[in-house]
Amino acid sequence: MAAESSVKVPRIKLGTQGLEVSAQGLGCMGMSSFYGPPKPEPDMIELIHHAINSGITFLDTSDVYGPHTNEILLGKALKDGVREKVELATKFGIILQDNQFCVQGDPAYVRAACEASLKRLDIDCIDLYYQHRIDTRVPIEVTIGELKKLVEEGKIKYIGLSEASTSTIKRAHAVHPITAVQLEWSLWSRDVEKEIIPTCRELGIGIVAYSPLGRGFLSFGPKLLETLSEGDSRKYFPRFQPENLEHNKRLFDSVNDMANRKGCTPSQLALAWVHHQGIDVCPIPGTTKIENLNKNIEALFVKLSKEDMAELESIASADAVKGDRYGPGLGTWEHSDTPLLSTWKVA
Ligand SMILES: NC(=O)c1ccc[n+]([C@@H]2O[C@H](COP(=O)([O-])OP(=O)(O)OC[C@H]3O[C@@H](n4cnc5c(N)ncnc54)[C@H](OP(=O)(O)O)[C@@H]3O)[C@@H](O)[C@H]2O)c1
């Protein structure tokens, strides 16, 4: 087993309901899906154990990763007393069928999805259960109403939302406290800063920053594309298309230059920028390699001065990136508003 990091990973409070997590989490998606073929199970279990022993205890998965296989992998990794050492987050609401994504959030589906995740994870209770994408056919109050029942029954501890708009977050929070909102936030994804982040802060909701390394672009720049295997979904994301890469390369080059001057890697600089957004923000970088996990932990201790933050601000300005975050097929917070409760009819 690789040597554990000798530094102590700080802990933070996520939301105001009592959840405490490691200040950096581990995104497990790429171990099983979307980023090339699944990685060997024993290696991934070793990586997960290494992360936990190093103090990275906040693990992020979803029923759509695989689908299902990532939760099964985590279930195996959490056996023999390991489960008690982690804060486990999973998600429901995206169904992958015939290469198409469907979104579902009606009460019967929410309950069935939760039961199925508990079974695959082989646990009694999920610490943080997110709605992965908002079903715009179902009033958010109805979906959260079912999640509230799952909390009362002890099947989940805390409720989260992913890719939710400000109004969806507020409506959900009025039904049951939302502990965390998961959103894409990095040097090249800053659309959430205008309204969603301030709303989370106003309501005392924790912020979980996914894809904090720009899905690897902030680690390698356009060279990342040369390393991707067949079927890696990043090949189809707008920002990774040839017509946008030349422009986006400038952002990476500037981050890379600055990282060289600061004596860290571009990944560490990108992660440190997220860590400097506040102690209510927990980035969940995804990795399949122990050495990268160790480097990511070190990013917690990269100090950025006011001048450094100002320099990064100028590098990652509004026009720094070309191309949407997602292509057609899967909505984002911009398309997450649900009908009013008064219009809901149970089929
Ligand atoms: N809520 C949502 O809709 C949503 C969407 C996407 C992702 N997520 C969650 O967020 C997690 C993280 O996002 P992500 O995996 O999309 O993107 P990310 O964390 O921005 O980047 C992951 C990529 O960066 C590479 N990497 C990680 N650490 C590195 C290092 N120190 N040096 C060089 N390369 C490094 C990884 O490769 P290696 O494996 O080779 O290290 C991988 O290719 C996911 O695992 C998932 O749990 C949620």
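Tutor: The shell around the ligand divides into eight nonpolar, 15 polar and five charged residues. Here Ala, Val, Leu, Ile, Met, Phe, Trp, Tyr, Cys and Pro count as nonpolar, Asp, Glu, Lys and Arg as charged, and the others, Gly among them, as polar. The model is predicted: local features need pLDDT of at least 70, side-chain atom pairs count only at pLDDT 80 or more, and totals for chains, interfaces and linings use all residues. Numbering runs from 1 along each chain as its sequence is written.

In total, 28 residues surround the ligand (C-beta atom, placed from the backbone, within 6 Å of it). The closest are Gly27, Met29, Leu213, Gly216 and Gly286. Helix 1 (29-32) and helix 12 (290-298) each give two or more residues to this shell. Helix 12 supplies the largest share, three residues. Helices are DSSP runs of H or I, at least four residues, and strands are runs of E, at least two.

Now for helix 4. Its buried residues are Val110, Ala113, Cys114, Ser117, Leu118, Arg120 and Leu121 (20 or more other C-beta atoms within 10 Å; exposed means 12 or fewer). They sit on the same side of helix 4 because they cover an arc of only 165° around the axis, taken from the directions from the axis to the C-beta atoms. On the other side, Ala108, Glu115 and Lys119 are exposed. The buried residues pack against several elements, including helix 3 (69-77), strand 5 (87-92) and helix 5 (140-152) (C-beta atoms within 7 Å). Just after helix 4, Asp122 takes a positive phi of about 60°.

Notes
Contact = placed C-beta atoms within 7 Å.
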